[in-house]
Amino acid sequence: MTPSFDDPVFGDPVLPGFRPDPSVCRVGADYYLVTSSFEWFPGLPVFHSRDLVNWRRIGSALDRASQLDLDGCAPSRGLFAPTIRHHDGVFHLVCTLMDGPGHFVVTATDPAGPWSQPHWLEGEGFDPSLFFDDGPDDSGGDGDGDGRAWFTAARVLDEAAGRTAIWMREYLPRERRLTGPEHVLWSGSHPGARWSEAPHLYKIDGTYLLLTAEGGTDVDHSVVAARADHVTGPYEGAPGNPVLPPAKGPVTCTGHADLVQTPDGDWRAVLLGVRPGSALGRETFLSRITWEEDWPVFSPIVHTDLRRPLHDGFATLSADWSTLRTPAAPFWTTGDGLRLRLRPERLGERTTPSLLARPQEQPDCDVSTELHFTPAAPDEQAGLAVVLDDDAHLLFLRTTEGLSLRRGSEVLAAVAVPPGPVRLGVRIRGFSHTFAHAAPDGAWQDLTTVEATFLTPLFTSVQLGLYATSNGGPSTGQARFTSFDITYPSRPEPPGHRRR
């Protein structure tokens, strides 16, 4: 099914919140998409769609501790920029573990999993991709169109100047390894180009198209195109590069695009973008691709602020919840609400605390939970968490003395409350966070408002979650959360608006 561009839903982040560096492939009528996950686990979420607009998470490529241990991974490091491709009945997903062994590939016959153990690949750099050169080619190039597969990635030449190069080697799908000589394909659209990265190769009407990002994943982010008669080059840049210039509208930082062709023969691109003035970070958007003189033209990236309220009673744990790094064993149970074990680990350390979180999806939202928890010692605490990473977060916690709002070790506000269940909430309006509490059947009482610009994202983005800790000491305690809700404020209608 091809999405309708007259549908007002189209153009909203098709995957809102923390969904950066998207890559997509199609198998028949089904589309599959993966995004970066950095230090969060399960790693490399996998989504399915039939229309490129409505996506459902079906699993993760890295969901077992035996596949990859993120222990000690620093914020905004970990798993960078995956690419997913399908060939001869097998899905191949390549990615880079930063501050680790580097590039790897995992494979599966079912994208919902299970995925294989990682096969580590040679070569330096980041942003890996795969290209399967299937089908005949009439260009006469040696090795072109003969079914060989190719691995591409970006490498840093000069960190301070942002100088990079796109390199390529042959990939052996059955053996899951690289072979043969290295080919340098591209180093940017002009001599001063910065951060040429995110390479993806395609073959369209017998010509090889190389798509890259440029300018860095910030306000200068753009999409650049080049093409060649042979897969190894030489590649000639589009006369109008960048084919998607730096964005200046309601969505900025657009880039890191990946193309896919619909069953109808049309072309689309998934790409990342940022809505300024919020803690949402890099999200996945969708663009329609048309062609002018065989170069891709991207439709404008807009958004419609689609909002989907959430109620989770924790009958099971949905795939949208994540932990910081790889847990050695589950520290939670579900069925009677969500129970988190109090463990010595705590936020602020490079460990895996008892934290379950999910991405904030809109700049303005109201978050609440009902907590059943009686601390047995001063170090036992549990409650609501607004988390960018280990170093930047807000914790609204039940303690032996009542409720405490903390930024790291700093207590921002506190209030005494009676024993028993308590509701904890936060109203988020951009970077303004108003924390409130209530008895289970009582009215909300505001505690304080925090202007939390320190939650401004870099590579990751803000997660909303539930947390429990014994702060370094032993404990047999548990905190039970009976619900988790995200709702959205009503908005005033514009002047002259009439309901239909």
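Helices (H or I, at least four residues) and strands (E, at least two) are DSSP runs, numbered from the N terminus. This is a predicted model: local features need pLDDT of at least 70, side-chain atom pairs count only at pLDDT 80 or more, and totals for chains, interfaces and linings use all residues. Residues are numbered from 1 along each chain as its sequence is written, and side-chain values use heavy atoms, without hydrogens and water.

**Exercise 1.** Locate Asp 205 and decide: is Asp 205 buried or exposed?

*Solution.*
- Find strand S14 (197–204) and strand S15 (207–214); Asp 205 sits in the loop between them.
- Take the cut-offs: buried is under 20% relative accessible area, exposed over 50%, partly exposed in between (1.4 Å probe, protein chains only).
- Asp 205 has a relative accessible area of 76%, so Asp 205 is exposed.

**Exercise 2.** Classify the ring pair of Phe 38 and Phe 80.

*Solution.*
- Rings of Phe, Tyr and Trp (its six-membered ring) pair if their centres lie within 6.5 Å; planes under 30 degrees apart are stacked, over 60 edge-to-face, the rest tilted.
- The structure holds 14 aromatic pairs.
- In this one, the centres of Phe 38 and Phe 80 are 5.0 Å apart and the planes stand at 65°, so the pair is edge-to-face.
- The pair links distant parts of the chain, 42 residues apart: Phe 38 lies in the loop between strand S2 (30–34) and strand S3 (40–41), Phe 80 in strand S6 (residues 79–87).
- Phe 38 is buried at 1% relative accessible area, and Phe 80 is buried at 11%.

**Exercise 3.** Classify the ring pair of Phe 151 and Trp 167.

*Solution.*
- The centres of Phe 151 and Trp 167 are 5.6 Å apart and the planes are at 50°, so the pair is tilted.
- Phe 151 belongs to strand S11 (residues 149–158), Trp 167 to strand S12 (residues 163–172).
- Both Phe 151 and Trp 167 are buried.
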